[in-house]
Amino acid sequence: MDFVTEMKAKAASSPKKLVLPEGTEERIIKTARILIDEKLASKVTLLGKIADVQEAAKAEGIDLKGIDIVCTETNANLDKYADTYYELRKNKGVTPEQAKIDITDTLRWAAMMLYLQDADAMVAGALHTTGDVLRAGLSIVGTAPGIKTASSCFVMTGMEPQYGKDGAMIFSDCAVVPNPFAEQLADITECAAQSCREFLSTEPVAALLSFSTKGSAKHDDVSKVQNTVEILEKRNPGFLFDGELQADSALVPSVLDKKAPGSPVRGKVNVMIFPDLNSGNIGYKLVQRLGKVQAYGPFLQGFAKPISDLSRGASVDDIVTTCAVTLARCQTTV
């Protein structure tokens, strides 16, 4: 079973409630119809002015039966959501009056639905930037317990079967944090490990990558990865990891035996942690294009509830896949 089929089956096994804040966008409306028809979600809520959503759906010939539409400016939950937002943000200078205005923003409203358990998952980004989605999620939903950094991962599939789990691996972070410091890199590693459990259904084994293996080079960038390993050792996160490792050391047991004999990750690595966004983004794209590998994502990680970002150029198929993946994550405690 391929990754997308597996995620759809997982989502359908116990359908959850999804909110789509960009409810007037035709691709989002088409996606909502597919999710309901394929029973991938128990409920799909589109946010936007009701007449605008209906007009967009009519223009595309889409039946809205079974799909909820919420106008944030007139919904019965407005006062409750505004009061809750005020309590969350009053220390940041937000007044009750401003809270009532701010919460009508569809991204914030969607995040509040997650926070108050009126929805289980949120997908946005067809009309908004990644930064917009991140800010809404961080200001209301927040990060998972013990984690301070939201990040991302890619699921890489179709590699030779000796790598990862039957040719599938997690690459992180390749899309969000440009130059993480050691504490952030430790958070990214823990979140990527959880993503491995959710996406690959296997226990994570992480390699923290560098241009050095176990002190073969000295540089501030190497020291950062070494410090990250020390932080993880103190945290005792409950999965195997090692670093700093060059990519060939992480992937090829015979190379690892020469450079870091006795490493606990020998022949087991299924999570690759990049030291910065330059290397992560370049790395996943090289593997994807030169190795003819499938790269699914980026999927956000580290939030207290499942939130996903979209490319603004995403196709309907792309959005359906992201929604299915996000709904599948609801089956696992983040």
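Biologist: Does aspartate 166 count as buried or exposed, and at what relative accessibility?

Modeller: In this predicted model, aspartate 166 sits in the loop between β5 (151–157) and β6. A residue counts as exposed when its relative accessible area is over 50%. The value for aspartate 166 lies above that cut-off, so aspartate 166 counts as exposed, at 65% relative accessibility.

Biologist: What is the phi of aspartate 166?

Modeller: Most residues other than glycine have a negative phi. Aspartate 166 is a residue other than glycine, and yet its phi is positive, with a value near 55°.

Biologist: Where does lysine 292 lie, what is its phi, and at what relative accessibility is it classed?

Modeller: Lysine 292 is placed in the loop between α12 (277–290) and β10. Although lysine 292 is not a glycine, its phi is positive, at about 50°. Lysine 292 counts as exposed, because its relative accessibility is 75%.

Biologist: Which residues does the cis peptide bond with omega near -15° join, and in which loop does aspartate 173 lie?

Modeller: Most peptide bonds are trans. The bond from serine 172 to aspartate 173, however, is cis, with omega near -15°. Aspartate 173 belongs to the loop between β6 (169–172) and α8 (182–200).

Biologist: At what angle do the axes of α2 and α13 cross, and what is the orientation of α2 and α13 to each other?

Modeller: Two packed helices are described by the angle between their axes and the distance between the axes. For helix α2 (residues 26–37) and helix α13 (residues 316–329), the axes come within 9 Å and cross at roughly 55°. The crossing is right-handed. An angle of 35 to 65 degrees falls between the roughly parallel and the roughly perpendicular classes, and α2 and α13 are therefore oblique to each other.

Biologist: Which residues make the contact of α2 with α13, and how do they divide by class?

Modeller: From α2, the contact is made by Arg27, Ile28, Lys30, Thr31, Ile34 and Leu35, and from α13 by Val316, Ile319, Val320 and Cys323. Sorted by class, the contact of α2 with α13 has seven nonpolar, one polar and two charged residues.

Biologist: Is threonine 31 buried or exposed, and which residues does it touch beyond four places away in sequence?

Modeller: Threonine 31 is located in helix α2. Its relative accessibility is 0%, so threonine 31 counts as buried. Not counting residues up to four places away in sequence, threonine 31 touches Val316, Ile319, Val320 and Cys323.

Biologist: What is the angle between α6 and α7, and which residues meet there?

Modeller: Helix α6 (residues 106–115) and helix α7 (residues 130–141) pack with their axes 9 Å apart and at an angle of about 40°. That angle makes α6 oblique to α7, and α6 passes α7 in a right-handed crossing. The residues that meet are Leu107, Arg108, Ala111, Met112, Leu114 and Tyr115 in α6 and Asp132, Val133, Ala136, Ile140 and Val141 in α7. By class, the contact of α6 with α7 comprises nine nonpolar, no polar and two charged residues.

Biologist: What percentage of the 334 residues count as buried?

Modeller: The C-alpha trace spans about 65 × 45 × 30 Å along its principal axes. Among contacts between residues at least 6 apart in sequence, 73% join residues at least 24 apart. Of the 334 residues, the share that counts as buried is 52%.

Methods. Residues numbered from 1 in each chain as written. Predicted model: local features only at pLDDT ≥ 70, side-chain atom pairs only at ≥ 80, totals over all residues. Heavy atoms only, no water. Axes fitted to C-alpha atoms, helices over the stretch in contact; angles between N-to-C directions. Helix = DSSP H or I, 4+ residues; strand = E, 2+ residues; numbered from the N terminus. Parallel < 35°, antiparallel > 145°, perpendicular 65-115°, else oblique. Left-handed = near helix turned anticlockwise from the far one by under 90°. Contact = heavy atoms within 4.5 Å. Nonpolar A, V, L, I, M, F, W, Y, C, P; charged D, E, K, R; others polar. Buried < 20%, exposed > 50% of the residue type's maximum accessible area, 1.4 Å probe, protein only.
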